Structure formats: C-alpha cells, structure tokens
Amino acid sequence: MGLVSRPSRIRAVLGPTNTGKTHLAIERMLGHQTGMIGFPLRLLARENYDRVVRLKGARAVALITGEEKIVPPNPSYFVCTVESMPLDRAVDFLAVDEIQLCGDRERGHVFANRLLHARGLHETMLLGSDTIAPLLRRLVPEAEISSRPRFSTLSYTGAKKLTRLPPRSAVVAFAVADVFALAEIMRRRQGGTAVVLGALSPRARNAQVGLFQSGEVDYLVATDAIGMGLNMDLDHVAFARLVKFDGNAPRRLAPAEIAQIAGRAGRHMNDGTFGVTDELRDLDGDVVEAVENHRFDPLSRLFWRNARLDYRSLRSLIASLEARPRLPGLVSAPPADDHGALRALAQMHDIAAMATNPAAVRLLWEVCQIPDFRKVLSDTHARLLAQIYRHLAGPRGRLPTDWVAAQVDRLDRADGDIDTLMMRIAHIRTWTYIAHRADWLDDAGAWQERARAIEDSLSDALHDRITQRFVDKRSAYLMRRLADPRELLASVSEGGEVKVEGHYVGRLDGFRFRPDLSASGDVARTLLAAAQRVLRGEIARRVAHLAAAPDGEFTLDPTGTLAWKGGTVGRLAAGAHPLHPRVEAMPSDFFEGEQRETVRRRLAAFAAAHLRHRLAALFRAHDAALSAPARGLAFQLAEALGSLPARAVAPLLRVLSRADRRTLGRLGIRLGVESIYHDSLLAPDATALRALLWAVAARDAVPPVPEAAGAPRDPAIGAPAYAAMGYRVLGPRVLRVDRVEIFAARLRQLAHQGGFAVTPELAALAHCTVDELAAVLPALGYRAARRNDGARFAMRRHPARHRRGEHRRGHRPEAADSPFAKLKELSLVR
C-alpha cells in the first residue's frame with residue numbers, strides 16, 4: 001500500500017447505515033493475499049480485528065490503533081484506526097470506512113488524506129454516506145461509485161414521553177449532564193438503563209452495551225457516540241436533544257447527522273423507528289422525509305491539511321502545516337490539537353532551542369501528536385508534552401523509568417465517582433499511546449501491559465459505578481417478566497421474605513406486603529405489582545392456617561397490635577365495654593371475599609381468651625353469683641379495670657352485708673378506706689394491660705406505666721389514666737392504691753393523736769421526699785397549721801365525709817363511752 005501512483009481499481013460503496021458495506025469490505029479484503037482496512041473508531045477496529053482473527057487466525061492479522069498494537073511477524077491483514085494506518089506498507093487491498101468524515105472539522109483532514117492518497121495495489125474501497133458522492137467524483141474521478149440500499153425501513157413515530165418509549169429504545173442527548181439526568185429518570189421509571197458516552201473507554205462502553213444486549217435493561221441513554229461503530233438490537237431511537245456543541249458553538253443537528261444516529265434502530269432485516277421525546281416539538285416534515293428516504297444535501301467541502309511536512313525548522317514545519325489546498329472542494333482544516341500543541345511548545349524558549357535540526361523537529365512533531373484524551377486546558381497538556389520532549393531530546397533519548405512510573409502509578413486507583421474515573425481513564429489512555437512508542441521507553445512492552453491493566457481496572461470500576469447508579473437490576477428484570485403472561489416463580493420464607501424469580505421484593509408482615517425499604521416511587525410500584533401477581537395464593541393459604549392456629553401462636557403487644565407468627569395481623573379498637581374491645585384485622589391489598597372477616601373472627605376469639613386469662617380476677621368477679629349490691633360493685637370495678645375510689649361507690653358499700661364482704665374478699669377484691677381494688681391486678685404486667693385497655697376505650701395514647709409503686713406525676717397523663725392503672729394522683733406524685741391505703745392508715749393514726757409533722761417515715765410510705773410531702777398530704781384531706789414548733793398537719797373538717805364504720809351495713813352505733821365515740825368528739829375532722 002502506501003502513497004502510490006500506480007493505478008488500481010477504486011470503488012466507492014455508498015449508502016445509509018445497515019447496508020452491509022463493512023461486511024462487503026471485509027469479504028473483499030480476505031479475497032486478496034494482503035489487505036488493510038481503516039475504521040473511524042478504536043472499538044470498531046477491535047471488533048473487526050476479532051472477526052478477521054476468527055476467520056484467518058491470529059498469526060495472519062495485525063491490529064494497529066493509537067492505544068493498541070498487536071502485530072505478529074509478517075501479518076497478511078491490517079485492521080486499524082484511520083489515523084494509525086501504516087501508509088508505508090504495500091497491500092493488495094485497502095479500504096477506508098465512513099469516508100464522509102472528510103467533512104468533519106476535527107478529523108476530516110486525516111480522512112481526506114486517505115481519500116486522495118491511500119491506495120491498495122489492486123483494489124481500493126471507500127465506504128460511507130452518499131453525501132460525499134459529488135466531491136468524490138470531482139477529486140477521485142477514476143472511482144467507481146455504487147449505492148447500496150438499506151436492508152430495513154426506518155420510520156418516524158413522532159413524540160413520546162420517556163415513560164411511553166417501547167423496550168429496546170435508545171434516548172439520545174449530547175451533554176454528559178443531560179445524559180445522566182435522563183438516565184436517572186429511566187432508572188426510576190423503567191428500572192434502569194445502560195449509558196454510552198464518547199468519554200467511556202472501549203471496554204467500559206462495550207460493557208454497557210453488553211448490559212443492553214443481554215436484556216438486563218431494555219433502554220439505553222447515549223450521546224451521538226452510538227451513531228458509529230455500535231451494532232445493537234435497537235428498535236427505536238428517541239432524540240431528547242437536537243442541539244449539540246461542536247467545539248465552537250451550539251448548533252442544531254443536520255438531517256444527515258440525525259439519520260446517522262437514528263439508523264442504529266432496526267438492524268439487518270428488522271425495521272426500525274425514530275422520534276423525539278415530549279420535551280421537543282415534532283421534527284420538521286422535510287427532515288423526517290430526508291431521514292426516512294436517506295436524501296441529504298451533499299457535502300460542499302472537505303477539510304484538508306498538508307501531509308508533506310517540512311522538518312527543516314520549527315518555522316518551516318508550522319508553515320507547511322498551514323499551507324492552503326489547491327484542489328477545488330478542499331478547504332483548510334481548523335488547527336487540530338497537534339497543531340495547537342506545536343505552536344504552544346514553539347513558544348517555549350528551551351524547547352525551541354532544542355528543535356534546531358530536522359530530526360529534533362520531527363521528534364517534536366511526533367510528541368505533539370500524543371492525543372489529549374482528557375480534553376483538558378491546552379496549557380496542561382502542553383506542559384506534559386514539553387516535559388516528554390525534554391526527556392526524549394536529552395542525552396538518553398528516553399523517558400526516565402522513575403518519572404513514567406510516578407505518572408502512571410497515581411492513576412492506578414479505582415476509587416472515586418463516575419467523573420473521576422472517566423478522567424483517570426482518559427489520562428491512562430494517553431499513557432497507553434505513549435507506551436506503544438517502543439523507541440521512547442525502556443521495556444515498552446511491560447509499560448503497555450501496565451497501562452492496559454490500569455485502563456481495564458478503571459473501566460471495570462466505571463462500568464460498575466454507572467450500573468450501580470443507573471440500573472436497578474431487580475426492577476428492570478421484574479418489569480420484563482411482568483409483561484410476560486407466564487407464571488412467575490415466587491417464594492415466601494418463614495420470616496415473611498418474598499422473592500419473585502429469585503429477587504427479594506419485600507416481606508409479608510402478616511397479610512400486608514411491605515416493599516423493600518430501599519425502593520421508592522415507580523420501583524416500589526413495580527415490586528408491589530410483582531407481589532400482586534404471586535401472593536394471592538399465599539395469602540389464601542395463610543388465612544386458612546391462621547383460622548386453625550392455636551392461641552399460642554398469637555400475641556398482643558403493649559400498643560394493642562395483634563400478631564401471628566411475628567407478623568402484624570390486627571389491632572384492638574374501642575368497643576362497648578373496656579374489657580370487651582373490638583378487634584380489627586389489618587387491611588391488605590390481597591384479601592379476597594370473606595378472608596378479612598375470617599381473620600377478624602379468629603383474632604377476636606384470641607383477644608377475648610387472652611384478656612379473660614390475663615385479667616381473670618375481673619372476669620371471675622363479673623361472672624360470680626353475687627347479691628345485687630355486690631354485683632353492682634363488681635360491675636363498676638370491671639368498668640374501671642380493677643380499681644376505683646371508695647367514695648365513688650359509697651352508697652353500695654353502705655349496703656353490703658358481711659356475707660357480701662366475705663365473698664368479695666374471696667374474689668380478691670379489697671375494700672379499702674380510700675380505694676376498692678383487685679390486689680392481683682397491681683402487678684406490672686397486669687397494670688400494662690390495664691393501661692392498654694384504657695387507651696383503647698378512650699381512643700388515646702397508651703400511657704407509660706410508672707416504674708415503681710410511687711413515682712413523679714407525668715403532667716401529660718391525666719388522672720383517669722392513672723386510675724385505670726391502679727394509681728392515685730397525690731399532688732406532684734402518684735401512688736399505687738394499695739400503698740395509698742397503708743399511707744392513709746398511718747396518717748389517720750397520727751391525726752387521731754393530735755396532728756403530726758412531716759417525717760422521713762411518712763415520706764418513705766408515700767414514696768416521695770420530705771419536701772414533697774407538704775404537697776402530697778392535701779390530696780388526702782389534710783391541712784397544714786402553723787405552730788410555734790413548726791408546721792403540723794390535721795384533717796380538714798368535712799361533715800359530709802363518710803367514716804370507715806359506715807361501709808358496713810347493719811353495723812351498730814358505738815356506745816357513748818366506747819373509744820370510737822370518743823374519737824368522734826376529737827376536733828380533727830375530715
């Protein structure tokens with residue numbers, strides 16, 4: 001091959017995407033003894049290299065790109081990127097793919113050079129869009145031009161919301177921020193998406209495409225990087241943006257560019273569609289017609305840069321780069337990155353002082369061609385190039401191993417976010433390019449392996465980060481399976497964990513499905529939909545088991561929640577009587593027919609049995625054969641949940657017979673001066689249940705049970721709640737009713753002796769401090785009187801107050817000279 005003058009057959013095979021041009025070129029190349037083909041992308045070159053290796057064997061094929069070289073001894077075929085084609089190698093067949101890129105501002109001059117000068121000895125083939133046909137006829141008049149029709153039809157379907165896009169769709173935007181924002185929406189609404197950016201390394205890009213091709217996700221969000229070199233099973237391409245920044249300014253896509261990207265939809269004989277998202281207005285009818293029929297304005301110019309460079313001096317090199325084209329249809333290419341780097345380095349005095357002979361100038365130009373994959377500020381890249389040139393132009397003529405190691409080692413880190421990893425990959429790709437200059441490095445092969453290993457590691461980490469951020473694999477898989485009418489495989493563990501097709505989707509709490517806590521929004525709705533497909537049978541089975549379950553499998557917690565086998569299934573609600581609360585079954589999306597009522601009836605039976613067992617004393621008294629007064633007292637005691645003030649039932653107490661009192665005593669009911677109570681219901685667990693039943697009946701929060709027989713009063717808890725728990729409010733303190741009786745008896749004893757002062761003994765009986773007693777005693781009917789020897793307490797006068805003896809029906813009046821009669825004459829009156 002090479003820059004040859006001898007004639008060879010030149011064929012231009014032009015047409016839209018999906019016309020089999022590349023397949024034809026590979027086929028033609030392998031029909032010759034030697035051949036070379038140039039592709040516009042490294043990943044395209046790698047893909048077709050692998051294809052040719054499968055056909056001809058690794059020893060017959062070389063791969064040459066800027067960052068990868070696999071060159072066996074005496075290969076017959078070369079698969080390259082267009083920039084890396086070894087033009088000094090003569091081959092029988094030569095092909096250049098996507099030749100219409102001669103019109104690209106950045107790379108057009110490279111393709112134009114191949115168009116004008118690169119030839120095979122026997123056959124040359126130029127592949128691309130027919131927009132280049134007029135200029136190709138003018139510049140290469142000997143070329144035989146043929147057109148190939150698209151194998152399938154490409155049709156416009158208008159605007160669609162992102163949520164209405166069909167599976168196997170690609171959404172296209174151009175700014176990385178837009179791509180990530182769209183990918184986030186697709187993750188939430190569709191379970192996930194693959195992401196393809198030009199900034200991804202080939203390995204990361206292929207991994208993302210593999211995610212889509214394997215069916216793990218049904219959607220792809222990408223830049224125009226998918227417009228070339230990626231063959232995927234796409235059915236639809238939706239443009240979310242139609243404006244891109246071309247390096248100089250934002251501009252609207254040309255119809256031919258839209259077609260290049262849209263043409264990814266529908267491959268081989270499968271028809272494809274394209275459209276826009278609902279954020280954009282419909283495409284102009286003329287654009288649609290042009291894309292569907294592949295009729296575009298031809299290219300009006302091709303970019304050119306002089307390839308015959310003058311290395312006699314820096315000035316002559318720059319001048320030769322800036323030479324103008326002489327052929328019509330060619331225009332000078334804008335200064336490329338290597339040209340800009342050369343100008344920047346030429347301004348550095350020490351660099352200019354070194355580049356004073358043709359060899360040094362040529363070396364400088366080779367250094368300037370090191371690509372800037374990072375696309376960082378030019379001075380940053382220029383400084384790196386200057387340092388490289390200083391080393392190469394120095395006495396050793398090599399890059400110092402320690403310096404290269406320091407540069408490469410700092411990139412060997414797989415931590416960081418997506419942006420950080422993409423920047424590291426871009427940087428290591430620059431070093432991969434440098435490592436393939438064997439004349440610049442000691443042990444270049446080892447550096448090639450090291451750079452490639454780092455790029456692979458970073459690419460894998462980047463693929464993982466993108467997948468973690470934009471793919472909910474579980475949701476994406478379930479959404480696909482939900483669209484399938486076939487039965488889903490599901491399992492529910494003993495602990496209630498629900499798995500559908502092996503994916504954890506949530507858990508059954510009783511009969512209610514709780515989606516995975518990490519899911520929200522559309523993902524949670526997907527999990528619920530999957531659960532609804534599989535759980536109705538499980539719910540029916542559970543209802544049947546619950547209906548037949550023994551009481552030992554149920555629990556009632558301190559909040560009134562009923563559980564079965566650890567799952568919440570019901571709750572207590574206010575009923576007609578505090579001891580007989582209603583039971584409600586927890587609602588469930590999966591109950592059908594009478595299932596909820598079946599659950600409610602079984603829970604009601606358990607609750608009734610549980611309360612009768614835990615509060616047996618109340619039920620025994622309620623059910624006992626008692627006289628009317630005793631039965632009335634037992635009834636009121638049951639309504640009060642086990643304790644009530646004696647004064648509230650004074651009329652009943654007055655008419656109780658001695659037999660009634662003995663019967664009530666045998667039932668565990670204590671008839672105190674201050675309170676009537678069941679002594680067996682003062683234990684902490686019974687007190688907690690009483691607190692719950694009061695809260696349910698009052699439709700209030702469950703009050704906390706005091707931690708001891710006496711405690712500080714909680715101002716947030718009312719006296720009725722304390723009474724239901726068996727406590728009496730005494731000023732700033734509360735005291736359990738049995739301790740109130742003991743305390744009150746001692747106070748009466750002291751009061752009958754002529755009044756009393758507060759003492760530690762009384763404070764201990766009241767479970768309070770001495771200082772608190774002055775506020776506690778008034779609640780029991782005592783007042784303070786100031787005397788010379790300090791404050792003393794005595795009963796308040798209260799003639800209507802009943803006396804202890806009045807509790808007893810038929811008790812005889814005391815004799816005038818009895819001790820009790822004398823006590824009545826005391827001035828300390830309650």
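Biologist: At roughly what angle do the axes of helix H20 (residues 616-623) and helix H21 (residues 628-639) cross?
Modeller: The model is predicted: local features need pLDDT of at least 70, side-chain atom pairs count only at pLDDT 80 or more, and totals for chains, interfaces and linings use all residues. Residues are numbered from 1 along each chain as its sequence is written, and side-chain values use heavy atoms, with hydrogens and water left out. Helices (H or I, at least four residues) and strands (E, at least two) are DSSP runs numbered from the N terminus, while axes are lines fitted to C-alpha atoms, for helices over the stretch in contact, with angles from 0 to 180 degrees between N-to-C directions. The axes of H20 and H21 come within 8 Å, and they cross at roughly 150 degrees.

Biologist: What does that make H20 relative to H21?
Modeller: Angles under 35 degrees count as roughly parallel, over 145 as roughly antiparallel, 65 to 115 as roughly perpendicular and the rest as oblique. The crossing angle of H20 and H21 is roughly 150 degrees, which makes H20, relative to H21, roughly antiparallel.

Biologist: Is the crossing of H20 and H21 left-handed or right-handed?
Modeller: A crossing is left-handed if the near helix is turned anticlockwise from the far one by less than a right angle, and right-handed if clockwise. For H20 and H21 the crossing is left-handed.

Biologist: How many residues of the contact of H20 with H21 are nonpolar?
Modeller: Contact (heavy atoms within 4.5 Å) involves Leu618, Ala621 and His622 of H20 and Ala634, Phe635, Leu637 and Ala638 of H21. Ala, Val, Leu, Ile, Met, Phe, Trp, Tyr, Cys and Pro count as nonpolar, Asp, Glu, Lys and Arg as charged, and the others, Gly among them, as polar. By these classes the contact has one polar residue and no charged, and its nonpolar residues number six.

Biologist: In E29, which residue is the bridge partner of serine 643?
Modeller: E27 and strand E29 (residues 675-678) pair in the antiparallel sense over three bridges. The partner of serine 643 in E29 is tyrosine 677.

Biologist: How many residues apart in sequence are the parts tied together by tyrosine 156 and phenylalanine 274?
Modeller: The structure holds eight aromatic pairs, where rings of Phe, Tyr and Trp (its six-membered ring) pair if their centres lie within 6.5 Å, and planes under 30 degrees apart count as stacked, over 60 as edge-to-face and the rest as tilted. The rings of tyrosine 156 and phenylalanine 274 have centres 5.2 Å apart and planes at 50 degrees, so this pair is tilted. Tyrosine 156 lies in strand E9 (residues 154-160) and phenylalanine 274 in strand E16 (residues 272-277), so the separation in sequence of the parts tied together is 118 residues.

Biologist: Which residues of H12 make the contact with H9?
Modeller: The axes of helix H9 (residues 314-321) and helix H12 (residues 358-368) come within 10 Å and cross at roughly 50 degrees, which makes H9 oblique to H12. The crossing is right-handed. H9 contributes Leu314, Leu317 and Leu321, and H12 contributes Val361, Leu364 and Trp365.

Biologist: Which residues of H12 make the contact with H10?
Modeller: The axes of helix H10 (residues 337-346) and H12 come within 8 Å and cross at roughly 125 degrees. H10 passes H12 in a right-handed crossing. From H10 come Asp338, His339, Ala341, Leu342 and Leu345, and from H12 come Leu364, Trp365 and Cys368.

Technical notes:
Two strands pair if DSSP finds at least two bridges between them.
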